[in-house]
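Hello,

Here is the structure I promised to pass on. Please look it over, then read my notes below.

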Amino acid sequence: MSAPNSQRYRSQGRREGIDDAVLDHAVSTFERIRAVDPRITPVLTLRHLSYLTDIPFLHLRELVARRVHRPYKFFYLKKRIPGRSRVRMISVPNKTLMGLQRWIVDNILQFTRPHGASYAFHPDCRPYEAAAEHCGCAWLLKIDLEEFFHTVSEGRVAAVFEDLGFPRLLSFELARLTTVACERLGPRPDPSVRWPAIPLYQCKHEGMLPQGAPTSPMLANLAMLKTDEILSQLAEEHGMTYTRYADDLAFSCGNEDNFEHIQRFKRLVLGKLNDSGFRPNHRKTVIRGPGTRRIVLGMLVDKERPRLPREYKDNIRMHLHFLSSPSQGPSLHASSRKTSVSGIFHHVRGLIAWAETVEPDYGALALQSFESIDWPPLGPQRF
């Protein structure tokens, strides 16, 4: 929904008896949002958002105030980290909140643009292109960020909406509608700071981006915008190439540099990340140089174009061998992997689809073998 024609808006407003000062403020907000991107749907207030989304205003107020019973469903996935086991908290919004967040994605966030170094969470971004930026490198520095979504607070998210031109109070309300607060995350960093000065909105827990909400990926990208700018400038000053795919950061350079130079640069990057409020995962911070395998997003980048690692091809070859074997076949192979025939079908087809993207010739041969397998009736219908 584009911003309304200002003259027509004023004329209609005056006929309805709306004060000129209110109309002036509304039009200036429309123009401010339009300056960012004319395709972004302008929203003036929480009540206006209620009108646009058909969600009752009082329910939106309760969501913003964190007073709705169980707006998210929480569950935990185990993740393995060298030396210890941890869990990843997934927060899935309820039906109403999910619909609202999808409206925000479709009408606001999809028209935003992340930094040029970011290659995730946007329709135009591809991991293959991120890896291609580092092809032919001699030195590669990889850094992973801990709790990427959970590091982005509701204050950062409010700043994102404010930068898009939305009013300050509404930006805070949109931040509350796209973040989650729970006791696991601890209290607010500074409980003495009480903004906004609305008693209903006070909450002792700081909100953060929920992993599992449709708005979180794009908002995380926008929250990283200034940090991406800082890191890009730093990389340029030191002759490095920088890309980021979600929480995976990669820096590379040619053979003219040495290990000491990369070490000094790493310390600078870690300092900038800490200053920006992001926590580097030191277990996954690695330097790869000449004579080692340089891998970005699962692709080898030591040649002129990204390539599949040998173990990835071996995995496809193993599946194709057992799927086409007379003594195994799809049913027995699926059973040995503790999944269904449909599950193994889609798993292997997905592996081959990625192979087609990275190495088209190899992917085409693998697909040919895959299609020659004697699948049960449901299989061939899914090619």
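In which helix is the place of Gln101? Gln101 sits in helix 5 (residues 95–107); helices are DSSP runs of H or I with at least four residues, numbered from the N terminus.

Some ground rules. This is a predicted model, where local features need pLDDT of at least 70, side-chain atom pairs count only at pLDDT 80 or more, and totals for chains, interfaces and linings use all residues. Residues are numbered from 1 along each chain as its sequence is written, and side-chain values use heavy atoms, without hydrogens and water.

Back to Gln101. Its relative accessible area is 0%, so Gln101 is buried (buried means under 20%, exposed over 50%, partly exposed in between, with a 1.4 Å probe and protein chains only). Leaving aside neighbours within four places in sequence, Gln101 has contacts that include Tyr72, Pro93 and Leu177 (contact means heavy atoms within 4.5 Å).

Phe74 is partly exposed, because its relative accessible area is 34%. Phe74 belongs to strand 1 (residues 72–81); strands are DSSP runs of E with at least two residues.

The structure holds one cavity of 30 Å³ or more. A cavity is a set of points on a 1 Å grid over the protein atoms alone where a 1.4 Å probe fits but cannot get out; points are joined across faces, edges and corners, and volume is the space filled by probe spheres set on them. Residues lining the largest cavity include Thr112, Phe121 and Met218; lining residues have an atom within 4 Å of a point.

Best wishes

Key. On a 1 Å grid over the protein atoms alone, a cavity is a set of points where a 1.4 Å probe fits but cannot get out, and a pocket is an open set with protein on both sides within 12 Å along at least five of seven lines; lining residues have an atom within 4 Å of a point.
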